[in-house]
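Me: Can you walk me through this model? I'll ask as I go.

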Amino acid sequence: MAPPTGPRAGTARAPPRGPRATGGGGGGIQKRRANPRTDRDGDVSMDAPAGGSGRGGSASGGRGRGSKDARGGRGAVNSRTSSRVVQNLQNYVSGGPVGKTQSNMATLKILGMSNSKATGNRDGGLRSLLTFLERKASKDKAVTIGKSILDGDYVWITVRKDDAPEILRLNGFTYAGAPLTITETTERMPRPEDKISKAAEETKQKLTAVLAARYNPELKLLDLSSLGTDPILSSMGTFDSKDRAEKAFKVLVVIASQQYKTAAEKREGIQAISLASNGLNDVMQVFTLASSLPDIKRLDLSSNNLDSLSKIAKWQHRFQYLEELHLTGNPITTQPDFVAELIKWFPSLQNINGQIVRSPQEVAEALKGMHPTPLPQFPSNLRDGEANVASIFVQVFFPMFDTDRARLAAEFYDDDSWFSIQAIANSGRNLPWKTYLKYSRNVHKLGEKNPATVQRLFTGGNLIADMWKALPSTRHPSMENPGAWLIDCHTFPNLADPTGHGFATGLLITVNGQFEESDTTENLYGKRTFTRTFILGPSKPSNPPPVHPYRVISDQLTLHDWTPAETPAVQAPVANQVPQVPVTNAVPPAGPVILDDATKNQLIQEVMKRTGMTAEYSELCLSGTANWNFELALKSFEEQRANLPPTAFINAV
């Protein structure tokens, strides 16, 4: 709740706008209603009241003064009112009530009114300016201003986007002796609640002074005991009523909490609080303490009127780190079971009224029981047979996805391959997901009957490669970092044999991990977790023969959390670029890797394609320090390329 602001007469408030108003409205966001008096030339009359024709005054300002022509007469006002009704109905049908900011609304800023003669009006000239703008802009059609607010030197207004040019056309016009500067903006329009009155600011300063006088930095104690005797609070009338006293306490606690930038700073800065001698009979009167300062370790509630556990029950399980609690001088201490109950409610509690009630070991067990042990994460499980197809596939796939997606699609995807993305965007953080959301085939979000569920299932290697070009650049971690990957592989039976004879057995591979991401179009850099599920099957017979004996039948990429980074994480993909991971950070596995001849031949062929080396040199590259690790072999090649003889390359043989 807001802090007490003193007598209402301390701040001037303009009467509400509308049919009953006699003067200008306040500076809050409002809808336009009545028009001020204008002279024969249609300009604002500075000596006329700004209100409408309600009970408190007359719009005409006296007989004989007003003209009934199209600009200043009563007939014009009625016509304008009718136009407003029609305009508001159109606004409602096209985008909702004028009172709400819609996607078809534009926000404009107007500078110059503070230098005009209208600043002497009760509302600072706001109502007169809005009428001036509507009248000058309404030539071929009626222009209606939606919301408006006076904020410092600027007047902010909202209008329909198709009406914005009519208002912008008035840029440079003179209003009440001052030129106007009108611009369109994408900034958020100020709200009345963004402003704080002078009285409220003074109240905040006084309460801050109370907190400063009651804080002990050595004990990290905020002493809020005997608040009723505090001279500053008493002079503010804080205790004139129970309701005001509770509101003042809420504000005190919130202000104390706001003195710290982070939760860690607050946890370190305020570790003890005293609420002794405040006449409390229920903690609901001070409940805000649990939400604003939940991590305190010591709490003093002594010398109050708490007579039962039910009066403290609202704080049950609230203070997870509370170690010491004082309740002496409260009727509750006469109940035989209050200690046992409090121990159940506060898991870290060790000291009640100066008596040790639980050992640190018992506290550790209590805290352990509150946080169940998470399910264990099992290591990767690759059941891909003796040929190690899955192992070789993932070692080749992810580096190529980072560096040469077009070649990756050409080698592993054919005309019948499927690819889809499912983006699980966090609420309120859609900006980093913008690129993915337009391709996302999240059936739960789209609905099963939505045509997009079919349109966003990309079929064919060429279409998949084109779609990949639109995705941000990525860099996956090295396969030599086992903690960064979780890979499972199982056989997938009863796949249609591409030869048309019977069935074949494939592989189902699920990969969980994270990658660094660079979206240069949106200037966004960060990390993203993912799950990628492949179904591999035998390649189709073709002429020339396929690059690999297996192909990707289905590829589903599911994207999860996104974490921003301050600096670019990766560069844009470059064809045939080798991932820039320092070799010194990659530790080859201890001992030789035992592979069968078929697997070794596949790795040799892959290195030959990536490097252009002969089979002999490709084998030497793999069997040396790389220990038959594909990534390390490529890195070793890049390091030694300049030292290799011409005969090491196929083109030179």
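**Burial and contacts**

Reply: Of the 653 residues in the chain, 43% are buried, where buried means under 20% relative accessible area, exposed over 50%, and partly exposed in between (1.4 Å probe, protein chains only). This is a predicted model, in which local features need pLDDT of at least 70, side-chain atom pairs count only at pLDDT 80 or more, and totals for chains, interfaces and linings use all residues. Residues are numbered from 1 along each chain as its sequence is written, and side-chain values use heavy atoms, with hydrogens and water left out.

Me: How many helices and strands are there in the chain?

Reply: The chain has 19 helices and 21 strands. Helices (H or I, at least four residues) and strands (E, at least two) are DSSP runs, numbered from the N terminus.

Me: And what share of the contacts with a separation of 6 or more comes from residues 24 or more positions apart?

Reply: That share is 68%. Contact means heavy atoms within 4.5 Å.

Me: Switching to charges. How many salt bridges does the count come to?

Reply: The count is 18 salt bridges, a salt bridge being a side-chain nitrogen of Lys or Arg within 4 Å of a carboxyl oxygen of Asp or Glu. Side chains of opposite charge can pair when their charged atoms come close.

Me: Which residue does Asp230 meet in a salt bridge?

Reply: Asp230 pairs with Arg214, at 3.2 Å from N to O. Asp230 is in the loop between β8 (221–223) and α5 (231–235), and Arg214 is in the loop between α4 (198–213) and β7 (215–216), so the pair ties together parts that are 16 residues apart in sequence.

Me: Are those two buried or exposed?

Reply: Asp230 is buried, and Arg214 is too.

Me: What about Arg551, which residue is in a salt bridge with that one?

Reply: Asp414, with 3.1 Å from N to O. Arg551 counts as buried at 10% relative accessibility, and Asp414 is buried with a relative accessible area of 17%.

Me: Which residue forms a salt bridge with Lys540?

Reply: Asp416 does, and the closest N and O atoms are 2.1 Å apart. The two sit in distant parts of the chain, 124 residues apart: Lys540 in the loop between β20 (524–538) and β21, Asp416 in the loop between α12 and β15. Lys540 is partly exposed, with a relative accessible area of 29%, and Asp416 is partly exposed at 41% relative accessibility.

Me: What should α11 span, at 1.5 Å a residue?

Reply: Helix α11 (residues 389–403) should span 21 Å, and its end C-alpha atoms are 22 Å apart, which agrees. The expected span is 1.5 Å times one less than the number of residues in the helix.

Me: Now α16. Which residues in that helix are buried?

Reply: In α16 (residues 461–469), the buried ones are Gly461, Ile464, Ala465, Met467 and Trp468. Seen down the axis of α16, these buried residues fall within an arc of 165°, so they line one face of the helix. The arc is that of the directions from the helix axis to the C-beta atoms. Asn462 and Lys469, on the other side of α16, are exposed.

Me: What covers the buried residues of α16?

Reply: The cover includes α11, α12, β15, β16 (458–459), β20 and β21.

Me: Rings next. How many aromatic pairs are there?

Reply: The count is 20 aromatic pairs. Rings of Phe, Tyr and Trp (its six-membered ring) pair if their centres lie within 6.5 Å; planes under 30 degrees apart count as stacked, over 60 as edge-to-face and the rest as tilted. One of the pairs is Phe397 with Phe534, edge-to-face at 4.8 Å centre to centre and 70° between the planes. This pair links helix α11, which holds Phe397, to strand β20, which holds Phe534, 137 residues apart. Phe397 is buried at 0% relative accessibility, and Phe534 is buried with a relative accessible area of 0%.

Me: Where does the charged end of Arg528 sit?

Reply: Over the ring of Trp433, 4.4 Å from its centre. A charge sits over a ring if NZ of Lys or CZ of Arg is within 6 Å of the ring centre and within 35 degrees of the ring normal. Lys109 lies over the face of Tyr154, at 4.4 Å from the ring centre.
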